[in-house]
Amino acid sequence: MVLQFAIFFKYIEYIDYTLKKNKFRDNKMSQLANKRHMAYNSKPDIDKKDIVKPILKWAGGKTQLLPEIIKRMPHRYNKYIEPFFGGGALFFYAQPHNAILADINPELVNLYTMVKHKPYEIIELLKKFRNTEEDYYNIRSQDRLSLSLEMQAARTLYLNKTCFNGLYRVNKKGEFNTPYGKYKNPNFIGCICSSSRYYY
Ligand SMILES: C[S@@+](CC[C@H](N)C(=O)[O-])C[C@H]1O[C@@H](n2cnc3c(N)ncnc32)[C@H](O)[C@@H]1O
């Protein structure tokens, strides 16, 4: 079953507001798009705070291809629909105001839903996680469905950032079985801060 959910960014509600209220619609949109595009292209004097990076490392993620995809993207559209969301590289770049996002992976859908509604709770949970091999295998062995939805989201993020290569792999029983990644400083909190600032 394809799970669907919508994300509405407050940030873009502001744009919507200006769109309805006055004639600066296209101007405002293209200014923002240009600003992000310039920041993406790493001009040294551009403030990068408008860029939102994907929360997860994801196999098949389109971050490397973004410059080519962006070139082909329409300047104006009503609803952004992404049926195979994964890491959502283009979505986080484009920050559409009205979107339908779908993915067959319920862990992913829960993670994004929880980051949208309860980012602070997830950050607090993640602060208690440690990046050691022992903790990794303990957390990996947990029965995901026995955990609260917030804890499931924190676990998904933790495993993604600390497992080998961010690889999402499950066995026939649906249990996550990617080995530990041995990274020194995986950042499993900063990625939430970056994306969630657009919700408030
Ligand atoms: C390669 S990833 C998408 C990458 C994404 N565009 C990005 O930039 O990160 C493919 C995603 O499609 C999802 N998927 C595969 N088959 C699906 C299906 N039948 N319905 C919905 N999602 C599906 C997978 O769970 C996976 O997250």
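Is Tyr158 buried or exposed, and what is its relative accessible area? In this predicted model, Tyr158 is buried, with a relative accessible area of 0%.

The protein chain has an average pLDDT of 80, and 72% of its residues score at least 70. Among the elements of the chain, the highest mean pLDDT, 98, belongs to helix H7 (residues 133-140), while helix H1 (residues 10-21) has the lowest, 34. Two stretches call for some care in reading. Over residues 1-30, pLDDT stays under 50, and the model has 55 contacts beyond four places in sequence for this stretch. Over residues 38-47, pLDDT also stays under 50, and here the model has 13 such contacts.

Aromatic rings come next, and with them a return to Tyr158. The structure holds 14 aromatic pairs. In one of them, Phe129 and Tyr158 are tilted relative to each other, with 5.0 Å from centre to centre and 55° between the planes. This pair links distant parts of the chain: Phe129 sits in the loop between helix H6 (119-127) and H7, Tyr158 sits in helix H8 (residues 149-162), and 29 residues separate them. Phe129 is buried as well, at a relative accessible area of 13%. Tyr158 also pairs with Phe188, this time edge-to-face, with 5.4 Å between the centres and 70° between the planes. Because Tyr158 belongs to helix H8 and Phe188 to the loop between H8 and helix H9 (190-196), the pair ties together parts of the chain 30 residues apart in sequence. Phe188 has a relative accessibility of 8%, so this residue counts as buried too.

Tyr77, Tyr80, Phe85, Phe91, Phe92 and Tyr112 form one aromatic cluster. A charged residue also meets a ring: Lys57 lies over the face of Tyr183, 4.1 Å from the ring centre.

One member of the aromatic cluster, Tyr112, is among the buried residues of helix H5, together with Glu107, Leu108, Val109, Asn110, Leu111, Met114 and Val115. Helix H5 (residues 106-117) has 12 residues and spans 16 Å from its first C-alpha to its last, close to the 16 Å expected at 1.5 Å a residue. At the start of H5, a side-chain oxygen of Asn105 comes to within 2.9 Å of the backbone nitrogen of Glu107.

The side chains of Thr156 and Glu107 make a polar contact at 2.9 Å. With neighbours within four places in sequence left aside, Thr156 is in contact with Glu107 and Leu111. Thr156 is itself buried, with a relative accessible area of 8%.

Gln95 has a phi near 50°, a positive value in a residue other than glycine. This residue lies in the loop between helix H4 (89-94) and strand E3 (99-103), and Gln95 is buried, with a relative accessible area of 2%. Lys182 likewise has a positive phi, near 60°, and is a residue other than glycine. The loop between H8 and H9 holds Lys182, and this residue is exposed, with a relative accessible area of 64%.

Notes. Residues numbered from 1 in each chain as written. Heavy atoms only, no water. pLDDT = per-residue confidence, 0-100. Helix = DSSP H or I, 4+ residues; strand = E, 2+ residues; numbered from the N terminus. Contact = heavy atoms within 4.5 Å. Phe/Tyr/Trp six-rings, centres within 6.5 Å; stacked < 30°, edge-to-face > 60°. Buried < 20%, exposed > 50% of the residue type's maximum accessible area, 1.4 Å probe, protein only. Lys NZ or Arg CZ within 6 Å of the ring centre and 35° of its normal. Expected span 1.5 Å × (residues − 1). Polar contact = N/O pair within 3.5 Å; in protein donor to acceptor, adjacent residues only side chain to side chain.
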